[in-house]
Amino acid sequence: MVSVAPTAMTTIEAKVWAALQAVPDPEIPVISITDLGIVREVDCAAERVTVVVTPTYAGCPATEVIKADIVSALRELGITSIEIKLRLTPPWTTDWLTPAAHAALREYGIAPPHITLDGVTREDTHAITFKPRCPRCTSLQTECLSEFGATPCKALYRCQRCREPFEYFKPH
Amino acid sequence: MLRLADGALILAQRLGEWCGHGPALEEDIAFANIGLDLLGQARLLYTHAGALEGRGRTEDSFAYWRDEAEFFNPTIVELPNGDFAQSVLRAYLFVLYQQSLWARLIASTDAELAAIAGKSAKETRYHVRHLGNWVVRLGDGTAESHTRLQRALDYLMPYTAELFAPDAVDDALLAARIGPALGDAATAWREPLAATLAKATLVLPAASPFLSMGKRGQHSEAMGYLLTEMQSLARAHPGATW
């Protein structure tokens, strides 16, 4: 996540970041949009707040909801002039999920993406052969049930030890 | 731009038709998810096309308010779904084509197009892998699944010639270094395809002289029906929003 050092932040910028930190992801409410790493920049110059957002998946319907949620969160701070910019480059990656997001996902029953993309090609992260850890019993004896899940960002797995199905946040 | 966007949109529409009809829940979801990603790509491309044109057209004007001859998708994506084998193979042929384009468009002199390509490439890689696995599984599966997949291959291959046959538009885009060299893209498409087909024990049909003309706006008889369904809501209720 790109964040400005607190000392360099204006008061209003800090307030905006704090407000965005409280905006939950509409599909996975235990993590916030800043935990997800999609808020790239906040600019509070000239009476106008600009929030730069990098979408997760191009077709993810949650993106529209997130934009509306950002606007209402900032309105509550009394900010009226708000601009949300979409930035595609560099493309969003699950490497931008914060450690707090990983912990929250696991707690929620979703296996976090356990592979960083640094030095690992995506072909190495084959969902069938490369197994995530069960978020409930931590077993590595897991199997892929479906490469696509209830949202674009997740696949469906089952733990062969505790027999519980679980969702896996796909490395992307 | 519209060729890329229309290809993604029309295949998304066809994949959406499978929703609730997939042979298994997992594949129902897979088609819907892939379709959703394609729709997202189309939206980005239409928005960019509208900005370049500068006449105020939005993603919705492009999707809902153009008629058949104004769509420039390659014919292969508008063909009816057929059976599951044909749908899987058609989607595989197309996403592999997209992959060969994104890899080159990342270097486009059009910065926004390059950004869209970079973003889409990550999604397309997952589609290629998933659909490629299905091609192998069905091709190298039972006698019935093999027969169906081979039949689909014989039917679909002639429609792939259009993907890599450059016309004046392609040549102009290449000259401006906006678009890719289709000859290089064709090579990048054929190699993984040949590897997948070999694993799937499928045989490429002999090359045919047939050349479809979808990307020039001349479509098959299937296109009118597809558009009628896709555009009916927007046209019955102009200006409707969610």
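Predicted model: local features only at pLDDT ≥ 70, side-chain atom pairs only at ≥ 80, totals over all residues.
Begin by selecting chain B and colouring it by secondary structure, where you will find nine helices and zero strands, so that the pattern read along the sequence is α-α-α-α-α-α-α-α-α. Zoom out until the whole chain is in view: its C-alpha atoms fill a box of roughly 55 × 40 × 35 Å along the principal axes. For 242 residues, a compact globule would have a radius of gyration near 18 Å, and the 17 Å of chain B agrees with that.

If you display contacts whose separation is 6 or more, residues 24 or more positions apart account for 83% of them. Colouring by charge brings up 21 positive and 28 negative charges, whose mean positions lie 4 Å apart.

Now select helix α6 of chain B, which spans residues 143-160, and pick out A152(B) within this helix. Is A152(B) buried or exposed? With a relative accessible area of 4%, A152(B) is buried, because the cut-off for burial is under 20%.

Finally, show the neighbours of A152(B): leaving aside residues up to four places away in sequence, A152(B) touches A85(B), Q86(B) and L89(B). Of these, select Q86(B) and draw a distance from C-alpha to C-alpha, which comes to 4.9 Å from A152(B), although the two residues are 66 residues apart in sequence.

Note on methods
Residues numbered from 1 in each chain as written. Chains lettered and ligands numbered in written order. Heavy atoms only, no water. Helix = DSSP H or I, 4+ residues; strand = E, 2+ residues; numbered from the N terminus. Rg over C-alpha atoms; globule rule 2.2 N^0.38 Å. Contact = heavy atoms within 4.5 Å. Lys, Arg positive; Asp, Glu negative; His and termini not counted. Charge placed at Lys NZ, Arg CZ, Asp CG, Glu CD. Buried < 20%, exposed > 50% of the residue type's maximum accessible area, 1.4 Å probe, protein only.
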